[in-house]
Amino acid sequence: QVRLVESGGGLVQPGGSLKLSCVVSGSNLRIYDMGWYRQAPGKQRELVATVTRSGSTNYGDSVKGRFTISRDNAENTVYLQLNSLNPEDTAVYYCNAKNVVVIEGRSYWGPGTQVTVSP
């Protein structure tokens, strides 16, 4: 059974940094494109960043230049470095894994980790 668990969230002041981790168990990270999404209260879930199996990255416009996604296939872990945080970054951050080596591969989500940016 594939399981994703996020960690690293917390309370941080504006301008601060956090590093989120997402550990994938029950499968090999190499078969997944990975992504981070976030959802603020009263808003729809939105793309933060994605990284493909080959290492290509993509970012949402609001986080470009501030956030960095990376993956460590040996550790079955995906990271999201959050810098220059502002209150608009406050949200629950979710990790996503999409199996892209099979047709109509399944997509998996973690339970999320809360990031709160406040003075």
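Biologist: How far apart are the closest N and O atoms in the salt bridge of Lys 64 with Asp 61?

Modeller: This is a predicted model: local features need pLDDT of at least 70, side-chain atom pairs count only at pLDDT 80 or more, and totals for chains, interfaces and linings use all residues. Residues are numbered from 1 along each chain as its sequence is written, and side-chain values use heavy atoms, leaving out hydrogens and water. A salt bridge is a side-chain nitrogen of Lys or Arg within 4 Å of a carboxyl oxygen of Asp or Glu. For Lys 64 and Asp 61, the closest N and O atoms are apart by 3.2 Å.

Biologist: Is Asp 61 buried or exposed?

Modeller: Buried means under 20% relative accessible area, exposed over 50%, and partly exposed in between (1.4 Å probe, protein chains only). Lys 64 is at 49%, so Lys 64 counts as partly exposed. Asp 61 is at 66% relative accessibility, so Asp 61 counts as exposed.

Biologist: How many salt bridges does a search of the whole structure find?

Modeller: Side chains of opposite charge can pair when their charged atoms come close. Arg 38 with Glu 46 is another, at 2.6 Å between the closest N and O atoms. The search of the whole structure gives a count of four.

Biologist: Which residue forms a salt bridge with Arg 38 at 2.9 Å?

Modeller: The partner is in the loop between β8 and β9, 51 residues from Arg 38 in strand β4 (residues 32-39). Strands (E, at least two residues) and helices (H or I, at least four) are DSSP runs, numbered from the N terminus. The closest N and O atoms are 2.9 Å apart, and the partner is Asp 89.

Biologist: Which residue's side chain makes a polar contact of 3.1 Å with the side chain of Arg 38?

Modeller: A polar contact is a pair of N or O atoms within 3.5 Å; within protein, one must be able to donate a hydrogen and the other to accept it, and residues adjacent in sequence count only if both atoms are side-chain atoms. The side chain of Arg 38 makes one with that of Asp 89 at 2.9 Å. At 3.1 Å, the partner is Ser 62.

Biologist: Which residues have the most contacts inside the largest nonpolar core?

Modeller: A nonpolar core is a set of buried Ala, Val, Leu, Ile, Met, Phe, Trp, Tyr and Cys residues joined through side-chain atoms within 4.5 Å. The largest one has 30 residues, and the most contacts inside it belong to Met 34, Trp 36, Leu 80 and Tyr 93.

Biologist: Which residue is in contact with Glu 6, Trp 36, Arg 38 and Leu 80, among others?

Modeller: Contact means heavy atoms within 4.5 Å. Neighbours within four places in sequence are left aside, and the list also includes Leu 20, Val 48 and Val 115. The residue is Tyr 93.

Biologist: Where does Asn 83 lie, and which residue is 4.5 Å from it, C-alpha to C-alpha?

Modeller: Asn 83 is in the loop between β8 (77-82) and β9 (91-99). Its side chain has a polar contact of 2.9 Å with that of Gln 81, and one of 2.9 Å with that of Ser 17. The residue at 4.5 Å, 66 residues away in sequence, is Ser 17.

Biologist: What is the phi of Glu 104?

Modeller: Glu 104 lies in the loop between β9 and β10. Its relative accessible area is 77%, so Glu 104 is exposed. Although Glu 104 is not a glycine, its phi is positive, at about 55 degrees.
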